[in-house]
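Please open the structure in your viewer and keep the selection tool at hand.

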Amino acid sequence: WPGVIPGIQSGNYDMSIGVMSYTPDREAIMDMVVYRSNVSGVLVLKDVAPTIQKPSDLCGKPVATVQAAALLKQLELESKKCEADGHSAITIKTYPSTGMAMVALKGGGAVAYPASTGELAYGEATSGGELVRRNFAGWAGNPQAVAVSKTDAGLAEAIALAFRELFDTGEYQAILAKYG
């Protein structure tokens with residue numbers, strides 16, 4: 001993940017689509033086409049799910065995340081709230097990839113993995129009942145975007161037009177419904 005943005009900037013990749021969160025800092029260095037709004041939360045192991053109902057339940061616990069992930073800032077804010085409320089900080093464990101963070105979660109090295117709507121749904125649906133999602137009211141949603149180089153004239157506009165067509169025809173909503 002840490003190499004995706006530099007890869008776009010250098011021209012090694014034409015675009016990034018998937019779980020790229022829109023942020024003003026990213027918009028300053030790349031063209032971004034927002035195509036989905038999200039809520040944020042965490043994936044937790046089924047056996048610890050009853051103890052993780054709200055963000056403050058993460059206080060004093062290890063949480064696995066991906067380096068440079070947009071939700072890393074949310075975790076850092078939540079950890080500061082823990083300390084301000086007299087609790088232990090969240091132990092934030094960063095990994096170079098989602099796969100490595102998920103291995104830490106499933107292996108018991110963390111109690112939670114922060115993610116957005118699509119990742120939460122997919123992670124829960126494909127875990128064979130091992131993972132449960134928790135959407136956290138109050139956690140800022142992180143709009144998802146396609147990112148392209150600012151030097152790739154016209155690509156962002158073409159992508160925006162393609163998404164507009166999918167939205168207008170209802171195909172986009174049908175895709176979301178099909179894959180949860």
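Throughout this tour, two residues are said to be in contact, or to pack against each other, when heavy atoms of theirs lie within 4.5 Å. Please bear in mind that the model is predicted.

**First stop: helix α6**

Select residues 155-169, which form helix α6. This helix has 15 residues, and the distance from its first C-alpha to its last is 21 Å, close to the 21 Å expected at 1.5 Å a residue. Within α6, colour A156, I159 and F163, which are buried. Seen down the axis of α6, these buried residues fall within an arc of 65 degrees, so they line one face of the helix. Now turn to the other side of α6, where E157, L161, D168 and T169 are exposed.

Against which elements do the buried residues of α6 pack? Display β1, β2 (30-36), β8 (144-149) and α7 (171-179): the buried residues of α6 pack against these. Before leaving, select G170, which follows α6 and has a positive phi, near 85 degrees.

Is S16 buried or exposed? At 11% relative accessibility, S16 counts as buried, because the limit for a buried residue is under 20%. Show the contacts of S16, leaving aside its neighbours within four places in sequence: they are V4, I8, A145, V146 and A147.

Move on to Y22, in the loop between β1 and α2 (24-29). Y22 has a relative accessible area of 28% and is therefore partly exposed. Not counting residues up to four places away in sequence, Y22 touches E27, M32, V34, P143 and A145. Draw a distance from the C-alpha of Y22 to that of S10: the two residues are 12 apart in sequence and 19 Å apart in space.

Select residues 70-84, the 15 residues of helix α3. At 1.5 Å a residue, α3 should span 21 Å; its end C-alpha atoms are 22 Å apart, which agrees. Colour the buried residues of α3, namely L71, L72, Q74, L75, E78, S79 and C82. They cover an arc of only 155 degrees around the axis, which puts them on the same side of α3. On the other side, K73, K80 and A84 are exposed.

To see what the buried residues of α3 pack against, display β3 (40-45), β4 (62-66), β5 (91-95) and β6 (112-116). Just after α3, select G86, whose phi is positive, about 85 degrees.

V66 is buried, with a relative accessible area of 5%. Although V66 and A101 are 35 residues apart in sequence, their C-alpha atoms are 6.5 Å apart in space.

Next, select S116 in strand β6. This residue is buried, with a relative accessible area of 2%. Leaving aside its neighbours within four places in sequence, S116 is in contact with N38, V39, S40, L71, N142 and Q144. One of these, L71, is among the buried residues of α3 coloured at the previous stop.

Then select A110, in the loop between α4 (98-106) and β6. At 3% relative accessibility, A110 counts as buried. Its contacts, apart from neighbours within four places in sequence, are P62, V63, A64, A104 and L105.

**Last stop: the second largest pocket**

Rolling a probe the size of a water molecule over the atoms shows where empty space is left. In the second largest pocket, there is about 210 Å³ of space. Which residues lie nearest its centre? Select V19, A69, A70, Y113 and E119, which hold that place among the 16 residues of the lining.

β4, α3 and β6 each supply at least two residues of this lining, and the largest share, four residues, comes from β6. Colour the lining by class to find nine nonpolar, five polar and two charged residues.

Technical notes:
Residues numbered from 1 in each chain as written. Predicted model: local features only at pLDDT ≥ 70, side-chain atom pairs only at ≥ 80, totals over all residues. Heavy atoms only, no water. Expected span 1.5 Å × (residues − 1). Buried < 20%, exposed > 50% of the residue type's maximum accessible area, 1.4 Å probe, protein only. Arc of directions from axis to C-beta. 1 Å grid on protein atoms, 1.4 Å probe; cavity = no way out; pocket = protein on both sides within 12 Å on 5 of 7 lines; lining within 4 Å. Points joined across faces, edges and corners; volume = space filled by probe spheres on them. Nonpolar A, V, L, I, M, F, W, Y, C, P; charged D, E, K, R; others polar.
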